[in-house]
Amino acid sequence: MFANPLKPWQPSSRINAPSSLKLASPKLSCPSKLLVCTKGKSCRKRNGPKLFERLKILIAENDLGAHFELKKSDCFGLCKHAPIVKVKPDGLSYGGVSKSDCSDILLRHVKQKKPIKRLLVKKK
Ligand code: FES
């Protein structure tokens with residue numbers, strides 16, 4: 001179960017967190033900007049716009065607007081890993097993101113402040 005970081009210890013049933021998630025410090029170093037490639041051809045084909053909508057809903061339903069700024073973006077040049085979600089200011093890129101990964105991305109950044117290694121894309 002996911003506790004809203006803005007209202008510590010208030011459980012929410014809206015995001016089903018993996019049981020392996022542990023609570024981290026409630027402090028955030030800074031808000032993150034999530035850039036979702038919705039305009040590039042490959043990401044459009046592989047549900048980039050749906051990912052954007054899913055993230056938008058999760059952020060709104062869980063009162064995470066103070067933690068995440070969500071933006072649509074053009075192609076990042078990482079098309080073979082589409083769909084792409086880029087995280088700033090950390091400079092991370094997540095590839096092959098599915099709708100079910102969206103809650104993990106939000107939780108990891110708010111709770112653990114660690115990237116999801118299995119989704120990381122390295123730019124060559
Ligand atoms: S189409 Fe999304 S990164 Fe190129």
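**From value to word**

Modeller: Start with valine 87, whose bridge partner in β6 is leucine 92. This is a predicted model, where local features need pLDDT of at least 70 and side-chain atom pairs count only at pLDDT 80 or more, while totals for chains, interfaces and linings use all residues. Residues are numbered from 1 along each chain as its sequence is written.

Colleague: What makes β5 and β6 a pair?

Modeller: Three bridges join β5 to β6, and these strands run antiparallel. Pairing takes at least two bridges found by DSSP, so three will do. Lysine 86 also has a place here, opposite serine 93 in β6. The hairpin of β5 and β6 has three residues between the strands, and glycine 91 takes a positive phi near 75 degrees there.

Colleague: Which strands does β3 pair with?

Modeller: One is β4 (residues 68-73), which runs parallel to β3 and is joined to it by six bridges. The other is β5 (residues 85-88), paired with β3 in the antiparallel sense over four bridges. Leucine 35 stands opposite lysine 71 in β4 and opposite lysine 86 in β5.

Colleague: Why are β4 and β6 said to stand at the edges?

Modeller: Four strands form an open sheet with mixed pairing, in the order β4-β3-β5-β6. β4 and β6 (92-94) each have a single partner strand, so one side of each is left without a neighbour in the sheet. From one strand to the next, the twist averages 20 degrees.

Colleague: Why is leucine 78 called buried?

Modeller: Buried means 20 or more other C-beta atoms within 10 Å of the residue's own (12 or fewer is exposed, in between is partly exposed; C-beta atoms are placed from the backbone). Leucine 78 has 21, so it is buried. It lies in the loop between β4 and β5, and its C-alpha atom is 8.1 Å from that of glycine 95, 17 residues apart along the chain.

Colleague: What makes β3 largely enclosed?

Modeller: Five of its six residues (32-37) are buried, so the rest of the structure largely encloses β3. Across the chain, buried residues make up 30% of the 124 residues.

Colleague: Why are α2 and α3 called oblique?

Modeller: The axes of α2 (residues 48-61) and α3 (residues 101-112) cross at roughly 50 degrees and come within 9 Å. Axes are lines fitted to C-alpha atoms, for helices over the stretch in contact, and angles run from 0 to 180 degrees between N-to-C directions. Under 35 is roughly parallel, over 145 roughly antiparallel, 65 to 115 roughly perpendicular, and the rest oblique. The two helices are therefore oblique to each other.

Colleague: Which residues meet where α2 and α3 touch?

Modeller: Leu51, Arg54, Leu55, Leu58 and Ile59 in α2 meet Cys102, Ser103 and Leu106 in α3. Contact means C-beta atoms, placed from the backbone, within 7 Å. By class, there are six nonpolar, one polar and one charged residues (nonpolar: Ala, Val, Leu, Ile, Met, Phe, Trp, Tyr, Cys, Pro; charged: Asp, Glu, Lys, Arg; polar: the others, Gly among them).

Methods:
Two residues are in contact if their C-beta atoms, placed from the backbone, lie within 7 Å.
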